[in-house]
Amino acid sequence: MKRILFAASECVPFIKTGGLADVCGALPKEFSKEEWDVRVVIPNYSCIPEKFRNQFQYVTHFYMCAGNYIQNKYVGILKYELDGVTYYFIDNQEYFTCDTPYGDIRYDIEKFVFFDKAVLSMLKQIDFRPDLIHCHDWETGLIPVYLKNEFQADSFYWGMKSIITIHNLKFQGVWDVKTMKGLTGFSADLFAPDKLEFHKDANMLKGGLVYADYITTVSDSYAQEIQTDYYGEGLDGLLAARHFDMQGIVNGIDTAVFDPATDPVLPAHYSVRNLRGKATCKKALQQELGLQVQSDVPVISMVSRLVGHKGIDLICESLDNIMRTGCQLVLQGSGEEQYESFFRYAENRYKGRLCAYIGYNEDLAHRIYAGSDLFLMPSRSEPCGLSQMIAMRYGAVPIVRQTGGLADTVRSCQMGQEDGNGFVFANYSAFDMQYVISQAVELYRSDLHGFRRVQRCGMTDDFSWNVSAGAYEALYENITDTSR
């Protein structure tokens with residue numbers, strides 16, 4: 001039996017701020033319990049809901065040092081089992097008493113340096129020797145560095161492999177070298193340009209990318225994009241040099257949670273074989289959000305953070321032209337103040353045709369997916385994206401820009417491809433986006449049969465975690481193959 005340890009800063013259902021938590025919560029459950037022993041370790045944040053924290057079991061504790069700034073720190077190990085997966089929680093009140101996993105970057109860097117060394121240090125304490133540690137994003141970037149350097153003095157760690165997954169290259173954990181030396185206890189030679197040094201500072205993610213045995217990203221297109229200057233965030237040279245040790249594996253979605261045939265928050269249920277319930281969901285959404293109840297008017301929706309790289313600026317630039325197509329527009333999300341203000345104003349301008357829900361409501365998000373005909377996602381960059389997959393599962397045809405995971409999951413139907421499941425534009429351009437929106441609206445209005453074909457193609461695509469788990473199984477087998 002192969003033993004795998006997931007190390008991450010967040011994990012569903014305990015703590016979530018983004019898609020990383022979904023991956024670490026869903027993927028470990030997909031592996032065969034007869035062939036794989038997959039466990040997960042995250043910090044024991046005080047903001048984890050009490051209904052879970054009250055069930056955590058104490059395993060052991062010890063004291064640990066790293067650099068000069070981390071001396072004789074308490075490390076508690078707690079354990080909890082859920083859905084056949086064992087979860088460990090690194091406990092330290094000084095570092096993990098918080099309302100949210102992230103805040104001040106200097107403080108975040110210190111607490112994740114502590115976490116990374118504590119993860120490796122706990123393994124002997126709990127007598128669990130993984131064949132491979134799967135690290136996620138910059139918060140766990142120093143685990144491969146510690147593993148290949150300081151911990152090689154102990155034979156317990158010999159032969160242990162590591163993978164690091166890039167969920168979003170924009171976030172790297174960068175701070176000055178002097179402070180990082182004091183935190184980590186690393187020798188000066190590790191802060192060289194071919195190791196952790198990055199523009200005269202120290203970079204935790206870069207350390208992981210240098211020392212991990214393999215690198216993954218959350219879509220194949222994103223794996224290619226980050227080897228270029230435009231998407232590479234200053235690490236494109238390193239990633240290009242390691243391209244033989246890197247691949248993209250698209251994330252999945254929980255198809256039991258996102259299922260229009262059983263979703264308990266929907267006013268009606270439906271499936272790809274019987275779409276009548278979707279019309280009921282559309283009418284109910286229009287009533288709930290104060291839109292005119294019109295079955296023949298296409299509803300375009302967005303569920304997104306209101307930030308620049310999500311393409312919100314393109315929508316602001318072309319909103320009037322989008323509304324001239326005769327559609328209704330529904331938006332749910334929060335983010336930058338300029339965008340929140342813009343859409344509040346736009347809602348007043350287009351009363352009955354546009355609804356801007358500033359904030360996030362999970363149940364409403366499900367009803368938006370179900371009640372929409374089209375789903376807009378014009379991202380400047382999108383490592384994977386889950387919303388387009390959820391939208392297709394609910395029969396909302398996606399309109400996306402051709403980037404990252406959007407390019408890997410949405411197939412253009414504009415050229416008449418029989419297997420097209422959405423509408424795609426390539427250039428990051430408001431004109432190109434609104435042209436494709438007009439194509440989608442026109443198909444809905446003039447050829448409902450053709451629109452249904454595209455809709456059903458998306459609903460029948462397999463976006464479950466089974467596909468991703470199979471790819472990771474093959475990768476884990478290859479990396480841990482001792483005959484190589």
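Where is aspartate 108 found?

1. Aspartate 108 is found in helix 4. Keep in mind that this is a predicted model. At 4% relative accessibility, aspartate 108 counts as buried. Its contacts, leaving out residues up to four places away in sequence, are Pro101, Tyr102, Gly103 and Trp138. Tryptophan 138 returns in the next point.

2. Now the aromatic rings. The count comes to 31 aromatic pairs. Take phenylalanine 112 and tryptophan 138. Their ring centres are 5.6 Å apart and their planes stand at 80 degrees, so the pair is edge-to-face. The cut-off to remember is an angle over 60 degrees. This pair links distant parts of the chain. Phenylalanine 112 sits in helix 4 (residues 105-126). Tryptophan 138 sits in the loop between strand 6 (132-136) and helix 5 (142-148). The two residues are 26 residues apart.

3. Are phenylalanine 112 and tryptophan 138 buried or exposed? Phenylalanine 112 has 0% relative accessibility, so it counts as buried. Tryptophan 138 is buried too, with a relative accessible area of 6%.

4. Next, look at tyrosine 230 and tyrosine 231. Their ring centres lie 4.9 Å apart and their planes are at 80 degrees, so this pair is edge-to-face. Tyrosine 230 is exposed, with a relative accessible area of 55%, whereas tyrosine 231 is buried at 15%.

5. Rings can also join into groups. Which residues do ring pairs link into a cluster? They are Phe14, Phe52, Phe56, Tyr80, Tyr87 and Phe89. Arginine 39 lies over the face of phenylalanine 128, at 4.0 Å from the ring centre.

6. Turn to the charged side chains. How many salt bridges does the structure hold? The structure holds 25 salt bridges. One of them joins glutamate 50 to arginine 53, with the closest N and O atoms 3.5 Å apart. Both residues lie in helix 2 (residues 50-53). They are three residues apart, about one turn of the helix. Glutamate 50 is partly exposed at 45% relative accessibility. Arginine 53 is partly exposed at 25%.

7. Arginine 393 and aspartate 259 form a salt bridge as well, and their closest N and O atoms are 3.8 Å apart. This pair links distant parts of the chain, 134 residues apart. Arginine 393 belongs to helix 14 (residues 387-393). Aspartate 259 belongs to the loop between strand 12 (246-248) and helix 10 (276-288). Arginine 393 is partly exposed, at 21% relative accessibility. Aspartate 259 is buried, at 18%.

8. Lysine 310 and glutamate 382 meet in a salt bridge, at 3.0 Å from N to O. Lysine 310 lies in the loop between strand 13 (299-303) and helix 11 (312-323). Glutamate 382 lies in the loop between strand 16 (374-377) and helix 14. The pair therefore ties together parts that are 72 residues apart in sequence. Both lysine 310 and glutamate 382 are buried.

9. One last item concerns shared partners. Which residues do such salt bridges join into one network? They join Arg411, Asp419 and Asp461.

Methods. Residues are numbered from 1 along each chain as its sequence is written. This is a predicted model: local features need pLDDT of at least 70, side-chain atom pairs count only at pLDDT 80 or more; totals for chains, interfaces and linings use all residues. Side-chain values use heavy atoms; hydrogens and water are left out. Rings of Phe, Tyr and Trp (its six-membered ring) pair if their centres lie within 6.5 Å; planes under 30 degrees apart count as stacked, over 60 as edge-to-face and the rest as tilted. Helices (H or I, at least four residues) and strands (E, at least two) are DSSP runs, numbered from the N terminus. Buried means under 20% relative accessible area, exposed over 50%, partly exposed in between (1.4 Å probe, protein chains only). A charge sits over a ring if NZ of Lys or CZ of Arg is within 6 Å of the ring centre and within 35 degrees of the ring normal. Contact means heavy atoms within 4.5 Å. A salt bridge is a side-chain nitrogen of Lys or Arg within 4 Å of a carboxyl oxygen of Asp or Glu.
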